[in-house]
Amino acid sequence: MQDLLDIEQLHEQTFHDADIRHEVLGMFQQQVPLLLAAMQAGTDQQRADLAHRLMGSCLAIGARPLAAAAALVEQEPANMAALGDVERLLDATLRTIAEFLAA
């Protein structure tokens, strides 16, 4: 889990409050798939803008690998392989979050 989600950073960002942590992670679970769908359908400029937004959301919860993948899409919005990496990491990160919330 630590590889995809930095739990310590997540705890710090949510003031060590479990209710806030669950709310933030729930919003992330709901919103980032919508961002990904918009990135897949968007123009290069839209993809870059949305990737920047995704990167910020990821950094806020400690999902650094996904943030790094989004940063590459922001820099190279026409790179469909990079977008595929975002999709794979997003799926894995969402599974990790679901496991964390279920524990």
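This is a predicted model: local features need pLDDT of at least 70, side-chain atom pairs count only at pLDDT 80 or more; totals for chains, interfaces and linings use all residues.
## Helix α3

Let's start with the helix itself. Helix α3 covers residues 44–61, and its 18 residues reach 26 Å from the first C-alpha to the last. That is close to the 26 Å expected at 1.5 Å a residue.

Which residues of α3 are buried? They are Arg 47, Ala 48, Leu 50, Ala 51, Leu 54, Met 55, Cys 58 and Ile 61. As for partners, the buried residues of α3 pack against α1, α2 (18–41), α4 and α5.

## Arg 47, a buried arginine

Arg 47 sits in helix α3 and has a relative accessible area of 5%. The cut-off for buried is under 20%, so Arg 47 counts as buried.

What does Arg 47 touch, once residues up to four places away in sequence are set aside? The list runs to Met 39, Gln 40, Gly 42, Val 73, Pro 77, Ala 78, Met 80 and Leu 83. Of these, Met 39 and Gln 40 fall within α2 (18–41), Val 73 belongs to α4 (residues 64–75), and Met 80 and Leu 83 are part of α5 (residues 80–102).

The side chain of Arg 47 also makes a polar contact of 2.8 Å with the side chain of Asp 44. This pair qualifies as a salt bridge too, with the closest N and O atoms 2.8 Å apart. Both residues lie in α3, 3 residues apart, which is about one turn of the helix.

## The salt bridges

Side chains of opposite charge can pair when their charged atoms come close. How many salt bridges does the model have? The count comes to 3, and the Arg 47 pair with Asp 44 is one of them.

Another one joins Arg 88 and Asp 85, with the closest N and O atoms 2.5 Å apart. These two are in helix α5 (residues 80–102), 3 residues apart, so about one helical turn separates them. Arg 88 is exposed, with a relative accessible area of 55%, and Asp 85 is partly exposed at 35%.

Then there's the bridge between the side chains of Asp 6 and Arg 64, at 2.8 Å from N to O. This pair links distant parts of the chain: Asp 6 is in the segment before α1 (7–13), Arg 64 is in helix α4 (residues 64–75), and they are 58 residues apart. Asp 6 counts as buried at 12% relative accessibility, whereas Arg 64 is partly exposed at 45%.

In soluble globular proteins, nonpolar side chains tend to be buried together. Here the largest nonpolar core has 29 residues, and Phe 28, Leu 54 and Ile 61 touch the most other members. Each of α1, α2, α3, α4 and α5 supplies at least two residues of this core, with the largest share, 7 residues, coming from α5.

Leaving aside neighbours within four places in sequence, Ile 61 is in contact with Leu 5, Asp 6, Leu 10, Val 24, Leu 25, Phe 28 and Ile 97. Phe 28 is, like Ile 61, among the residues that touch the most other core members, and Asp 6 is the buried partner in the salt bridge with Arg 64.

Conventions: Residues are numbered from 1 along each chain as its sequence is written. Side-chain values use heavy atoms; hydrogens and water are left out. Helices (H or I, at least four residues) and strands (E, at least two) are DSSP runs, numbered from the N terminus. Buried means under 20% relative accessible area, exposed over 50%, partly exposed in between (1.4 Å probe, protein chains only). A polar contact is a pair of N or O atoms within 3.5 Å; within protein, one must be able to donate a hydrogen and the other to accept it, and residues adjacent in sequence count only if both atoms are side-chain atoms. Contact means heavy atoms within 4.5 Å. A salt bridge is a side-chain nitrogen of Lys or Arg within 4 Å of a carboxyl oxygen of Asp or Glu. The expected span of a helix is 1.5 Å times one less than its number of residues. A nonpolar core is a set of buried Ala, Val, Leu, Ile, Met, Phe, Trp, Tyr and Cys residues joined through side-chain atoms within 4.5 Å.
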